[in-house]
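Trainee: Could you take a close look at one part of this model with me? I'd like the overall layout first, then the details of a couple of residues.

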Amino acid sequence: MTPHQIPLLFLFLFPLAYSPGPGNMFFAALGARYGVAASLPATLGYHAATLIVSFAIGAGVTVALDPASRSFSLIQTFGAIYLLWLAFKLYRSHSPQPLANARPATALDGAILLLLNPKGYLIMALLFTQFPGSTLSDTALIATLFTANNMLAFLVWTFAGQTLSRLFNSPAAAHRINAGFAIFLAGVALWLLQTK
């Protein structure tokens, strides 16, 4: 991974990490009900699992596919098209419901939340098809940046839990926020398609 790719990586990750979703809503609900300190064990467990799983997925992509091959190029193109589909779904979505039965969660709870999140696996696979590591150290760097960005997003949602829970009670407000993230995500997808 070259230094000029790192800002693009963060642009790619921003709408995926910060837009409303089940993980973010889980931590927003924990933050609103119990505060940031009580949510830290679950946050650490979730992101320890994220780092391990994202590295494993990235290493598999790096070993299994030659970035210069036509099949890899096709996967990259389909990945960018999938981003457009996610942007469309996000644009059409309304207010996600925070988890009503949120409780102080443990590190194990956080790890299980990641392990049972199929969207997370798709995003990790998509990440490594758009930003393939040419070596295992590149893969480790990408997995670490992905995990750190995701952890920051979850902490932001946890801190903002009380405010966001009130804000998302309005479907119109939720749609405006989702539409903004969708447009951003679609822009990244179109840029990735243009660079193929």
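Predicted model: local features only at pLDDT ≥ 70, side-chain atom pairs only at ≥ 80, totals over all residues.

In what order do the elements of the protein run from the N terminus on? And once that's clear, is T129 buried or exposed?

Mentor: From the N terminus on, the elements read α-α-α-α-α-α-α-α-α, and the tally is 9 helices and 0 strands. The chain has 196 residues, and 45% of them count as buried. Look at the contacts with a separation of 6 or more: 85% of those come from residues 24 or more positions apart. As for the surface, the protein exposes about 9,600 Å², with carbon and sulfur atoms supplying 72% of that area.

Now for your residue. T129 sits in helix α6, which spans residues 118–130. Its relative accessibility is 8%, and the cut-off for buried is under 20%, so T129 counts as buried.

For a second residue, go to helix α4, residues 70–92, where you'll find W85. Here the relative accessible area is 44%, which falls between the 20% and 50% cut-offs, so W85 is partly exposed.

Definitions and conventions:
Residues numbered from 1 in each chain as written. Heavy atoms only, no water. Helix = DSSP H or I, 4+ residues; strand = E, 2+ residues; numbered from the N terminus. Buried < 20%, exposed > 50% of the residue type's maximum accessible area, 1.4 Å probe, protein only. Contact = heavy atoms within 4.5 Å. Areas by Shrake-Rupley, 256 points an atom, 1.4 Å probe, with all protein chains shown as cover.
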